[in-house]
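Take a walk through this structure, one site at a time. Keep the coordinates open as you read.

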Amino acid sequence: MRERLVLEKPERLFGRDTEWDNLADFVASPMPGATLGLVYGRRRQGKTLMLELLAQQTGGFLFGATQQTEAQTLADLGAAYAAHRGLRQPVVFRTWREALDELLRLGEGAATPLIIDEFPYLVTATPGLPSYLQQALSPLSYAKQHTRTRVILCGSALTTMAQLLSGGAPLRGRAGMELVVRPFGFREAAAFWGVGHDPELAFRLHALLGGTPAYLEMSGGSGPAGIAEFDRWVQRRLLNPASAMFREGALLLREEPSIADPTSYSATLSAISAGNHRRSEIAAALGRPSSALAHLLSGLQDIGLIQQIDDALRGKRSVFRITEPVVRLHQLLIQRHEAELVAGRAERVWKTNADTVAAQIYGAHFEDLARQWCFEHASADTLSGIASAVRPTELPCREHRRGHELDVVVTESTAFAADRITAIGEAKGTGAPVDVPQLERLEHLRGLLPSDKVGALPKLLLFARSGFSDALVRYAERRPDVELVDMGRLYGGA
């Protein structure tokens, strides 16, 4: 039995504990034979840094592909491989089969990573490359029988990477790891930006930029020192045409090779950003029939820019939400006011669009974080159970003769009983503290829940960005069925 390697996460790598553990398990596995793993995610998530550190710690070989011809790529690969081996002259690879035969020998003596970054560039130049790799990793191949090479294919073209293992693709069934690298969660992003001590500042930054690690450097290397500097910082770092962040929201769409018609997809993002969350609303905003939206919505979901959230009580009434805040910022402010921003009127644009920012950016984002908090951070005591799903819904009301939107419905699923609602909640991102009437409204909505979906009395959760009135706090202290979640608890409590 071979001794299992222990790969400690480098101090240089912030967060990514789960991702590193998965990579370490894959590379250090005692399993004989060469193995294959995939790592992918949108650009600027830190994939390359993580893999460079992995190669550095293990003595592995990492090759970063670029957009060029097959012959140019093989020449660069030979030079990089020679440098890795400490050879004075480049190794000449005439074909990919020849290159793979040599590269897969890296793990003859011990488990060794062979990492190819931006693999989709290679597939574009050499469409048969996945098939060549399939053959090189066949059960009776030399690599499978005599090496422990750990092949890791990495890429930012999400659809291309996902399709490598789908359907009848050559590598289907060959991979032992499929690791998707996503943006930091809101708490981790606050720590990364160094603003975990100021939940309001952390929230505003996350509402505009999300959790993509590279955006810190692209925003000048630091965030605002405090709330007092925030508006000026946004104008200088996000709404300034000279900033690297100015066109980021548009580039995310155009960088994905699967998007053949960026204009239609951008219009769809604009409609959703403006508050049109249901399919019928999006169709009306675009002037198209609902039946014509399927490819647009599925395409945006495939590249991770939107998410479809099913209604907690009626699955067919799902809503679509923007998952990348920088896209929402681009659609609502930068794209609509680009001429003014280029003319240097960032301060005016930011001030005159304060209501848009408050309602369609901060308000919508606060609701999303409330649901994330319930699913990822809230304790079982808080929710009267374990959150299997956290979704919004709309409840019909005979008394008021209209439907009431409910931001948070926490559902617990068990193996031996029907799903039950354990908690419901409202998220208020307004500037005024939440008072007793908001709790009374939530109690009214609890009474509208279908009886067959409710077991014990569901908890009432109130989320408030501006805190709670003294009267509500005193009232809630006497109510074991009420939980108040302010910004401090959102960012630091359970």
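Glu412 has 12% relative accessibility, under the 20% cut-off, so it counts as buried. The model is predicted. Glu412 sits in strand β9, which covers residues 402–414. Its side chain comes to 3.1 Å from the backbone nitrogen of Ile386.

Now turn to the nonpolar interior. In soluble globular proteins, nonpolar side chains tend to be buried together. The largest nonpolar core here has 105 residues. Leu153, Leu208, Phe463 and Leu490 have the most contacts inside it. Helix α20 (residues 354–376) gives this core its largest share, eight residues. Another core lies apart from it, with 20 residues, among them Leu406, Ala464, Ala476 and Val482.

Not counting residues up to four places away in sequence, Leu490 touches Phe186, Arg187, Phe366, Leu369, Ala370, Trp373, Phe463 and Val485.

Helix α14 comes next. It runs over residues 262–273. At 1.5 Å a residue, its 12 residues should span 16 Å, and the end C-alpha atoms are 16 Å apart, so the two values agree. How enclosed is α14, and what in its residues says so? Of its 12 residues, 10 are buried, so the rest of the structure largely encloses α14. The buried residues include Pro262, Tyr265, Leu269 and Ile272, as well as Ser264, Ser266, Ser270 and Ser273. Just after α14, Gly275 adopts a positive phi of about 110 degrees.

Methods
Residues are numbered from 1 along each chain as its sequence is written. This is a predicted model: local features need pLDDT of at least 70, side-chain atom pairs count only at pLDDT 80 or more; totals for chains, interfaces and linings use all residues. Side-chain values use heavy atoms; hydrogens and water are left out. Helices (H or I, at least four residues) and strands (E, at least two) are DSSP runs, numbered from the N terminus. Buried means under 20% relative accessible area, exposed over 50%, partly exposed in between (1.4 Å probe, protein chains only). A polar contact is a pair of N or O atoms within 3.5 Å; within protein, one must be able to donate a hydrogen and the other to accept it, and residues adjacent in sequence count only if both atoms are side-chain atoms. A nonpolar core is a set of buried Ala, Val, Leu, Ile, Met, Phe, Trp, Tyr and Cys residues joined through side-chain atoms within 4.5 Å. Contact means heavy atoms within 4.5 Å. The expected span of a helix is 1.5 Å times one less than its number of residues.
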